[in-house]
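The exercises below are to be worked with the sequence and the model open side by side. Each task is followed by a solution that goes step by step.

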Amino acid sequence: MSADPLQGLASVGKGQSTRSLLRVIILALIAGAAISSRLFSVIRFESIIHEFDPWFNFRATKYLVANGFYNFWDWFDDRTWHPLGRVTGGTLYPGLMVTSGVIYHALRALTIPVDIRNICVLLAPGFSGLTAWAAYLLTNEMTPSSSAGLLAALFMGIAPGYISRSVAGSYDNEAIAIFLLVFTFYLWIKALKQGSMLWGALCALFYGYMVASWGGYAFITCLLPLHAFVLICMGRYGTRLYVAYTTWYALGTLASMQIPFVGFLPVKTSEHMPALGIFGFLQLLAFLDYVRSAIPSRQFQTFLWLFAGGTFGLGLLGLVIATSAGFIAPWSGRFYSLWDTGYAKIHIPIIASVSEHQPTAWPAFFFDLNMLIWLFPVGVYLCFQQLADEHVFIVVYALFGSYFAGVMVRLMLTLTPVVCVAAAMAVSALLDTYLSAKSPEPQEAQAAESSEGKKATKSGLRSTSKPVVGVYGLWGKSMMVSALAVYLLVFVLHCTWVTSNAYSSPSVVLASRMPDGSQHIIDDYREAYQWLRQNTHEDAKIMSWWDYGYQIGGMADRPTLVDNNTWNNTHIATVGKAMSSREEVSYPIMRQHEVDYVLVVFGGLLGYSGDDINKFLWMVRIAEGIWPDEVSERAFFTPRGEYRVDGEATETMKNSLMYKMSYYNYNNLFPPGQAVDRMRGARLPEVGPTLNTLEEAFTSENWIIRIYKVKDLDNLGRDHASAAAFDRGHKKKKVTKKRGPRVLRVD
Amino acid sequence: MRLLTTLLSLTLLGAPGSLAAKKSAEERFQLYHSKALSSAPVKLGDSAYRELTSTPRDYTVAVLLTAMDSRYGCQLCREFQPEWELLARSWTNGDKQGESRTVFGTLDFTDGRDVFMSLGLQTAPVLMLFPPTVGPHAAVSSDPIRYDFTSGAQAAEQVHSWIARHLPDRPHPPIKRPINWMRWISTFVVLSGGLTASYVAWPYVLPVIQNRTVWAAVTLISILLFTSGHMFNHIRNVPYVAGDGRGGISYFANGFQNQYGLETQIVAAMYGVLALSGISLAIKVPRMSDPKTQGVALLAWGGILFVVYSLLLSIFRQKNPGYPFSLPPFM
């Protein structure tokens with residue numbers, strides 16, 4: 001042991017094992033930070049499942065845990081999409097549910113009794129720790145500097161772009177998919193670098209897991225072939241690439257076809273075609289390679305390119321013909337909207353209506369990535385320095401990912417990993433330069449430069465043709481390092497602030513501030529769902545807009561007409577038509593679908609923006625897409641083109657079921673003539689709407705949720721309007737013929 | 001609007017009815033159908049319009065009321081006109097016998113000012129579909145059905161399906177788009193020219209293609225474009241700049257979900273400057289052999305980085321007023 005404690009302290013971190021230990025500790029701390037920064041919502045509210053889709057995943061997980069895997073696989077759910085039902089087992093990505101099911105059973109086997117809900121709530125934060133680790137591994141493949149990996153792990157752990165989909169309670173496919181994405185990429189790089197079949201097979205295994213978890217697997221399916229193609233174009237074809245790619249493709253495709261929801265899509269749809277095409281192309285290249293080794297020839301290179309190019313062109317032609325002839329499916333709508341950006345708006349209102357399918361404005365990028373967004377190009381530029389195979393991957397991923405993130409807000413999620421990796425490379429390059437205590441001697445440096453300057457480097461970037469000298473002054477180093485420390489500090493503060501303010505709201509429970517600054521919880525959703533659970537028949541069918549389908553299924557446990565799995569556009573349009581038509585039209589629709597209760601969300605009292613009147617135009621649009629003669633979006637706008645809800649609203653608007661249900665009895669809350677919609681800032685007419693075919697069943701504390709019961713047919717055989725009029729005490733109108741001036745018909 | 005058209009058809013019943021009475025519905029249809037066969041859609045004037053749409057009629061009339069003259073500056077009219085002509089021509093040619101009993105006509109504002117006035121039309125183009133009032137396909141109401149071009153110029157196919165929907169149990173001749181020979185030929189010429197040029201220029205182009213710096217520049221520029229919201233501008237067609245209401249220019253849109261074209265360019269430029277200073281600090285500065293130059297460069301790039309980042313934060317704070325972080329000097 002060293003006698004001097006200072007020297008002993010300095011030597012810590014020099015040895016190999018101490019370094020590994022430190023690295024493990026740092027990674028563990030990063031994982032801890034990643035997990036704990038996602039717990040805001042649990043601490044503020046409670047351990048609750050968030051938003052919409054997670055409620056379905058939660059319900060499916062409960063079913064899996066209760067009924068076992070095989071029943072889950074064959075699950076036909078007759079409580080959604082009434083009366084159609086849904087083949088749930090065959091139309092979902094089971095990875096998430098199976099993961100939490102396995103964790104649940106493992107913990108039970110260890111005699112640790114944990115509620116399945118808590119596993120579901122905490123799954124996403126748990127996996128974010130793993131994602132940070134995967135980012136560390138991926139970055140270490142890119143650069144020899146070990147600090148880059150740790151920085152990447154840190155960035156990945158707390159970048160809001162990833163936190164947005166992985167806070168505690170956000171129990172969605174992305175929760176585990178981002179870890180699988182990054183880890184699959186790491187395994188791919190590993191397989192490619194070593195040309196190893198083992199790593200390729202591992203890559204395929206995790207790719208299969210990814211396919212089982214998230215529809216975003218198509219991102220991998222397109223990115224890896226693209227990377228391979230770019231490498232081939234750069235003349236870097238070799239056995240390593242061949243082994244890695246073919247192993248991944250063959251095994252990975254087989255694995256992906258085991259998922260019922262995916263099935264034969266990998267050989268049918270166009271978004272899987274690049275992978276198949278590159279697979280065939282590689283076989284051709286390998287064949288030509290073999291021929292070349294057998295028949296030596298000088299012109300072989302030209303022949304090879306011509307042959308390969310010709311075959312590729314022919315294959316592309318065949319693909320186009322097969323697509324146009326209908327042998328293989330055309331681009332699916334969601335995917336197509338990524339390329340032709342105007343497509344969705346015109347043809348598929350249901351896709352355009354989802355807010356996460358909107359394009360991304362620049363503040364969203366900065367909000368989600370902060371300083372990483374400008375460090376990102378620096379890192380990509382650094383990749384061009386060496387431009388080994390793995391750096392090409394980062395470049396391709398960066399371009400591809402930033403395009404898609406620009407087109408669709410939700411794809412920010414797939415961009416975040418590469419941003420973190422590239423930015424970590426940039427920061428670590430800066431830190432490595434400016435943190436080193438060694439300062440160069442000017443004479444030596446100049447001598448070295450003059451000797452090396454003569455050896456002109458042909459390849460590489462122009463800016464890196466000179467040798468690295470180092471930084472001279474201590475003041476410069478300390479200035480840069482302290483500035484970097486400030487930026488990093490701002491980044492951490494930013495991430496925490498964004499997570500705490502923007503991404504930690506369960507949206508099932510709302511929070512508002514009282515005048516004295518204390519927090520007030522608005523719990524209308526759960527109040528209403530609880531009411532449904534307690535007061536309605538178990539098989540009472542609830543009609544609502546599709547946004548609330550999963551929540552009703554999950555929290556109220558009642559059958560719904562439509563839900564967030566928007567697979568049947570016509571059925572959704574039916575609900576849209578019922579909501580946007582007059583009562584006389586809507587009532588038969590509701591009777592035909594055996595609707596017992598109708599649920600609407602109304603934010604007028606509280607000023608809650610996510611309510612149904614604000615979403616109403618989408619219902620109209622979707623309904624208009626199916627029944628253009630009966631529903632017209634134009635009729636909901638005033639002649640001056642305004643969308644109004646007050647006295648000036650159009651007759652169609654005032655007579656629509658949605659309007660009536662939202663504002664029914666609302667004016668009784670206010671003094672006569674003073675009713676105000678606080679959301680839209682509109683003064684409502686003095687006489688509220690009347691409802692004939694529905695009766696109010698429940699209205700939550702803040703009027704956010706209103707539930708109406710659909711009246712049964714009248715006992716006396718009257719129509720509902722006259723029955724309601726009779727109940728209101730109006731005398732039955734004498735049926736008298738209007739006697740206008742007599743007109744002689746001349747036709 | 002509906003009231004006005006009703007009034008109009010009432011007046012049509014009255015005064016010009018005497019004019020229409022000269023010819024029977026069948027004669028009128030044959031006359032205009034033969035006109036349409038020579039050149040569809042039939043170009044109508046005031047009187048022809050009134051004659052064609054007079055009741056009783058046992059045929060359908062589809063009239064496009066448009067304003068093609070450049071004085072009126074109707075962009076939509078000019079965009080839709082070729083589609084309309086294509087629709088009318090392929091319908092009429094596909095139905096030479098007149099089995100669908102439909103006449104396509106165009107009424108330009110310059111020829112039919114009175115019709116526009118009597119219909120009270122403020123905008124153009126408007127497509128009116130007059131259903132038959134007598135005969136096997138007679139509609140309940142003789143009022144014309146109006147097609148509004150609310151979402152821009154429509155393709156002929158969309159209008160075709162709209163018309164077909166209102167004419168049930170009748171033949172609907174499909175649209176036949178003529179092959180655009182000019183376009184094919186020009187594509188072929190351009191393509192072969194491009195191939196020849198690239199073949200000739202290949203030795204000069206190859207070094208550029210293989211140049212890593214060029215690729216790096218292209219990559220970085222595209223990344224900056226995408227991350228500064230260029231695709232949003234492209235999809236949403238945002239304005240380049242907007243006035244601030246006091247005669248000046250407002251460079252930054254209010255609100256988190258909005259942006260202007262110029263705004264994204266400013267942001268992209270700022271990202272570019274930040275990235276450039278990052279690259280210089282990481283790559284160029286440590287490669288400078290002269291201590292003095294290096295010190296100056298370090299100070300300059302470090303300073304630029306700090307100031308621009310501070311500016312970026314302050315702009316972001318303007319977009320998102322609740323944002324609490326800032327760096328000097330733009331606090």
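Helices (H or I, at least four residues) and strands (E, at least two) are DSSP runs, numbered from the N terminus. The model is predicted, so that local features need pLDDT of at least 70 and side-chain atom pairs count only at pLDDT 80 or more, whereas totals for chains, interfaces and linings use all residues. Residues are numbered from 1 along each chain as its sequence is written, and chains are lettered from A and ligands numbered from 1 in the order in which they are written.

**Exercise 1.** Describe the secondary structure of residues 541–591 of chain A.

*Solution.* The UniProt record, an unreviewed entry, places the feature "domain: STT3/PglB/AglB core" at residues 541–591 of chain A; UniProt positions are given in the numbering used here, feature names are shortened, and annotations may be inferred rather than shown by experiment. Over this stretch the chain is 57% helix and 6% strand, and its end C-alpha atoms are 11 Å apart.

**Exercise 2.** Determine how helix 4 and helix 6 of chain A pack.

*Solution.* Begin with the axes, which are lines fitted to C-alpha atoms, for helices over the stretch in contact, with angles running from 0 to 180 degrees between N-to-C directions. The axes of helix 4 and helix 6 of chain A are 9 Å apart, and the angle is about 50°. Helix 4 of chain A is therefore oblique to helix 6 of chain A (angles under 35 degrees count as roughly parallel, over 145 as roughly antiparallel, 65 to 115 as roughly perpendicular and the rest as oblique). Their crossing is right-handed, a crossing being left-handed if the near helix is turned anticlockwise from the far one by less than a right angle, and right-handed if clockwise.

Next, list the residues in contact, meaning that their C-beta atoms, placed from the backbone, lie within 7 Å. Helix 4 of chain A contributes N57(A), A60(A), T61(A), L64(A) and V65(A), and helix 6 of chain A contributes L96(A), M97(A), S100(A), G101(A) and Y104(A). By class, the residues of this contact are six nonpolar, four polar and no charged (Ala, Val, Leu, Ile, Met, Phe, Trp, Tyr, Cys and Pro count as nonpolar, Asp, Glu, Lys and Arg as charged, and the others, Gly among them, as polar).

**Exercise 3.** Which helices of chain B supply at least two residues each of the side that touches chain A?

*Solution.* Start with the totals: 56 residues of chain B are in contact with 59 residues of chain A. Helix 9, helix 10 (230–236), helix 11 (261–284) and helix 12 of chain B each supply at least two residues of this side of chain B, and its largest share, 11 residues, comes from helix 11 of chain B.

Then turn to one helix pair across the two chains: the axes of helix 21 (residues 372–386) of chain A and helix 9 (residues 212–227) of chain B come within 10 Å and cross at roughly 160°. Helix 21 of chain A is therefore roughly antiparallel to helix 9 of chain B.

**Exercise 4.** Is W81(A) buried or exposed, and where in chain A does W81(A) lie?

*Solution.* W81(A) lies in the loop between helix 5 and helix 6 of chain A, and has a positive phi of about 50° although it is not a glycine. W81(A) counts as buried because it has 21 C-beta neighbours inside 10 Å (buried if 20 or more other C-beta atoms lie within 10 Å of its own, exposed if 12 or fewer, and partly exposed in between, with C-beta atoms placed from the backbone). In the loop between helix 5 (69–73) and helix 6 (95–109) of chain A lies P83(A), which a cis peptide bond with omega of about 5° joins to H82(A).

Definitions and conventions
Two residues are in contact if their C-beta atoms, placed from the backbone, lie within 7 Å.
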